[in-house]
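Hello,

Here is the structure I promised to pass on. Please have a look at it first, and then read my notes below.

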Amino acid sequence: MSAPNNNQRHTIAVLVDNEPGVLARVVGLFSGRGYNIESLTVAETKPEAGVSRITIVTSGTIQIIEQIKNQLRRLVPVHTVSDLTIEGAHVERELALVKVSGTAGRVESLRIADIFRARVVDSTNESFVFEIVGRPDKLEAFIKLMKPLGLVDVARTGVVAIARGPQAL
Amino acid sequence: MAYEEMTGAKILVQALIDQGITDVFGYPGGAILPVYDELFQQNQIRHVLVRQEGGAVHGAEGYARSTGKVGVVIVTSGPGSTNAVTGLADALMDSIPIVCFCGQVPTHLIGNDAFQECDTTGITRPCTKHNYLVKSTKDLARTIHEAFYVARSGRPGPVLIDLPKDVSLGLGPYIPPADVVHKTYQPRVEGDRALIEQAVAMMAEAKRPIFYCGGGVINSGPRASELLTQFVNMTGFPVTLTLMGLGAVPASHPQFLGMLGMHGTYEANLAMHGSDLIIAIGSRFDDRVTGRLNAFAPNAKKIHIDVDPSSINKNVLVDIGIVGDVTRVLEAMIEVWKARGYKADAAALADWRRQIEEWKGRNCLAYRHSDEIIKPQHAIKRLYELTKHREDVFITTEVGQHQMWAAQFYGFEKPNHWMTSGGLGTMGYGLPAAMGVQLAHPDALVIDIAGEASIMMNIQEMSTINQYRLPVKVFILNNEYMGMVRQWQELLHGGRYSQSYMSSLPDFVKLADAFGAVGLRAEKPSELDDVIKEMISIDRTVIADIRVDKAENCFPMIPSGAAHNEMLLGPQDKAEQPISEEGMVLV
């Protein structure tokens, strides 16, 4: 058997015990073994069971992606590892806060925000903060358009993702 | 049900007793003193006081590997835990079950750069299977029992518990092991039935099959080695073992081809290269085994059985990967082989055997004997010949040429009798490991086959060995060089022996005396047998300083970056096959 060498982007959801050090374990695994992290988000999703959900976007060959999942499964506090990219359709969302400063491009930035369905969450005489939600490529397109209009700061949450349909992880 | 309240220190000792632990290795210090106070007040657990914490972990590793039990270590905070790190990394690489307790500064001081504080869980996270910082005594008993469960389940490994001093002194409930069930960690032990059926069918069709088995067979317990030997007999297939797997099939077995890999036998490596089916059992396609990956066993289908799913398809893509405990999977495979009435392809197998016999005919382990100077290979060979009649011989090694010669020339008939640092390659492993083995097997003949450079790395444990009257034999192949470093410098770096000569070595005979042991020395081949016999007959610790040929290299060798069929069989080959540029960067 030979491995295809092209890199693929995968979104992996990991349910873990919400205990001290669990994020360090996951991040340490990626850095220690030289895997990529394109995005990582984490928050407690089942407080009653003390379970957190980590969403990782990573890239690598099929073999590397398999390794990543198997290595994650090996961590003691990990409950489940699902590769949303291969397990059927899923929804991915990311939120960004985008700050645009200056007076020259104010009207234009509002117009573009409208097209992207971004909301203004803060405003001064010379700035806006937009909140935009969508897939990462949508956010990137919006940020690119804001650049000439006085973009000064961006904060992004990283990707969260969930499978479509009735099934839970 | 109400649990009995006790101090954390008492919980620890009670938990060890309930886990069936009788021996622990450790070194006291400020943060762990409450535990030592508790150890003082009981008689069920023997504590072995090492001379440096690294020795404690290797001691526990030797103990664990020779008994199949979990090895236990107790050290203090800060330097106590950092000294233990090498041993933990070693145990992780070789999948040895260890539970290590580290003292820690009290919880209210954590993060304050207190005296002898360090971020032990942070430092040890990548070199343990799992670790815990216990912040409340009420969690301690559960954590300890979980730690033992994690250490010995699935692919075994070291687990560390960081124990703040206030947690040791505080009160909490003692929960017995039976009441602790791990929520998430449930490694798979039964292999997938359909895959097992497919794998066995593939075996029945193979023309040039080979079993390639490793430490996973040993770790699965002695029954796995019995089953493997049985399966080897039933199929008639040849078998090779990794450094970690030696003893899984008796060395005297006619189908055993010796160790494979960088310093494995010609026949084992060529059989791997020429095979059409590799049945990998509890082995992990390590780079020392595979050689250049894109030339590894090019025509072989591969079946891989391992308890750790991440070992499958990691380095080499396989056709069938079966996740499960080796014992259970082998039981199922043998059952399928019998039930389906499979027979190996006798004609093809006879041809295959003929081919292998031809490779064996190269006599790859041959060396030029000398009457003037002791050849290191000869020294190991004589050691083997003069001890093989005994059932109770345990061999540990340090790391380097002597280790490879020991693997090549000492025959292991049973599992758990060979303790060597395989994955991490830790010089200084052998002496403390031998101490641990001897402690578990007081009447056995325990020999640390050492090099003069490695032995210096943990020589302080001679003092521990003396204290507990452990009759360990230290068999030093003394060539006054870091032999393997010197060999690589000769092969790869134009003979520029940068910092590999060991000058100002101690007089090992006097050193033995200083540590209350007996020192012996052999300088000529004619003295060798007498020294070995004397060493064995003395019922005390012995250091035997065997002065060997300083220039001898370890062959056969697959140079780095080369494939199985590009072995160097001896010094005459090395000029013809220069090391490739890709090979130069490999270790």
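**What I found**

Let me start inside chain B. Leaving aside residues up to four places away in sequence, B:Cys100 touches B:Val57, B:Val73, B:Val75, B:Ala84, B:Leu88, B:Pro158 and B:Leu160. Please keep in mind that this is a predicted model.

B:Cys100 belongs to the largest nonpolar core, which has 201 residues. Along with B:Cys100, the residues with the most contacts inside that core are A:Val14, B:Val73, B:Ile98 and B:Leu228. Another core, of 13 residues, lies apart from it and includes A:Ile132, A:Phe142, A:Leu149 and A:Leu151.

Next, the contact between the chains. Chain A gives 20 residues to it and chain B gives 15 residues. On the side of chain A that touches chain B, at least two residues come from each of α1 (22-32), α2 (62-74) and β4 (78-83) of chain A. The largest share, seven residues, is supplied by α2(A). By type, the residues on this side of chain A are seven nonpolar, eight polar and five charged.

Finally, a helix worth a look: α22 of chain B, residues 525-537. Which of its residues are buried? They are B:Leu528, B:Val531, B:Ile532 and B:Met535. Viewed down the axis of α22(B), these buried residues fall within an arc of 100°, so they line one face of the helix. An α-helix has 3.6 residues a turn, so residues three or four places apart point the same way. The buried residues of α22(B) are covered by elements of chain B including α15 (376-387), β18 (473-478), β19 (518-522) and β20 (542-547). On the face turned away from the buried side, α22(B) carries the exposed residues B:Ser526, B:Asp530 and B:Ser537.

Best wishes

Notes. Residues numbered from 1 in each chain as written. Chains lettered and ligands numbered in written order. Predicted model: local features only at pLDDT ≥ 70, side-chain atom pairs only at ≥ 80, totals over all residues. Contact = placed C-beta atoms within 7 Å. Helix = DSSP H or I, 4+ residues; strand = E, 2+ residues; numbered from the N terminus. Nonpolar A, V, L, I, M, F, W, Y, C, P; charged D, E, K, R; others polar. Core = buried A, V, L, I, M, F, W, Y, C linked by C-beta atoms within 7 Å. Buried ≥ 20, exposed ≤ 12 C-beta atoms within 10 Å, placed from the backbone. Arc of directions from axis to C-beta.
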